[in-house]
Amino acid sequence: MCLAVPGRVTEIEDRDGTRMATVDFGGVVKEVCLEYLPDLQVGEYAIVHVGFALQKLDEESARQTLELFENLGMLQEEFGDPWELAAEAGGPQWADNEEVPQEAQQ
């Protein structure tokens with residue numbers, strides 16, 4: 001699933017003519033394009049989808065949404081390490097659902 005997640009802008013820079021930001025999503029930090037929100041400033045919140053800030057958001061709404069996503073486990077699903085998630089799900093499986101031999105995993 002791909003969510004639109006609220007995040008707080010912590011840094012803004014111009015990168016080869018494109019306005020980019022470092023955005024904190026409740027502890028997960030990602031690079032985000034600000035071209036759709038040219039007036040967004042450091043410290044403000046925005047809804048981000050697939051690496052683009054789409055809409056400015058007030059802090060309270062952002063915090064409530066992040067808390068809800070965290071409680072539902074959706075932040076881990078969206079930002080979690082895919083290898084870690086696969087390991088938590090029981091590791092890789094062969095097509096017949098047998099566990100993959102250790103030598104085949106390397």
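**Close-up views of a predicted model**

View 1. Val-50 sits in the loop between β4 and β5; strands here are DSSP runs of E with at least two residues, helices are DSSP runs of H or I with at least four, and both are numbered from the N terminus. The model is a predicted one, in which local features need pLDDT of at least 70, side-chain atom pairs count only at pLDDT 80 or more, and totals for chains, interfaces and linings use all residues. To find your way around, residues are numbered from 1 along each chain as its sequence is written, and side-chain values use heavy atoms, with hydrogens and water left out. The phi of Val-50 is near 45 degrees, which is a positive value in a residue other than glycine. With 55% relative accessibility, Val-50 counts as exposed (exposed means over 50% relative accessible area, buried under 20% and partly exposed in between, using a 1.4 Å probe and protein chains only).

**View 2. The two strands on either side of that turn.** β4 and β5 make a hairpin, with two residues between them. The strands run antiparallel and are joined by five bridges (strands pair if DSSP finds at least two bridges between them).

**View 3. Lys-56 reaches a loop residue.** The side chain of Lys-56 meets that of Glu-44 in a salt bridge, at 2.7 Å from N to O (a salt bridge is a side-chain nitrogen of Lys or Arg within 4 Å of a carboxyl oxygen of Asp or Glu). Glu-44 belongs to the loop between β3 and β4 while Lys-56 belongs to strand β5, so this pair ties together parts that are 12 residues apart in sequence. Lys-56 itself is partly exposed, at 48% relative accessibility. In total, the structure holds four salt bridges.

View 4. Glu-13 and Arg-15 meet through their side chains in a salt bridge of 3.5 Å, N to O. Both residues are partly exposed: Glu-13 has a relative accessible area of 33%, and Arg-15 has one of 33%. A network of salt bridges links Glu-13 and Arg-15 with Glu-31. Move over to helix α1 (residues 59-71) and you will find Arg-63 and Glu-59, separated by about one helical turn because they are four residues apart. Their side chains form a salt bridge at 2.4 Å, N to O. Arg-63 is partly exposed at 46% relative accessibility, and Glu-59 is partly exposed at 39%.

**View 5. Arg-19, a buried charge.** Arg-19 is part of strand β2, which covers residues 18-25. This residue is buried yet has no salt bridge, and Asp-39, the nearest side chain of opposite charge, is 6.4 Å away (Lys and Arg count as positive, Asp and Glu as negative, while His and the chain ends are not counted). Beyond its neighbours within four places in sequence, Arg-19 is in contact with residues including Ile-12, Glu-13, Val-32, Leu-37, Asp-39 and Gln-41 (contact means heavy atoms within 4.5 Å).

**View 6. The aromatic pair.** The structure holds one aromatic pair. Its partners are Tyr-36 and Phe-52, which are tilted, with 5.5 Å centre to centre and 40 degrees between the planes (rings of Phe, Tyr and Trp, the last by its six-membered ring, pair if their centres lie within 6.5 Å; planes under 30 degrees apart count as stacked, over 60 as edge-to-face and the rest as tilted). The pair links distant parts of the chain: Tyr-36 lies in the loop between β3 (28-33) and β4 (45-49), and Phe-52 lies in strand β5 (residues 52-57), 16 residues apart. Tyr-36 is exposed at 54% relative accessibility, whereas Phe-52 is partly exposed at 32%.

View 7. Asp-16 is placed in the loop between β1 (5-15) and β2. Its phi is near 55 degrees, a positive value in a residue other than glycine. Asp-16 is exposed, with a relative accessible area of 82%. Gly-27 takes its place in the loop between β2 and β3, and is exposed with a relative accessible area of 60%. From C-alpha to C-alpha, Gly-27 is 9.6 Å from Gly-7 in space, and the two are 20 residues apart in sequence.
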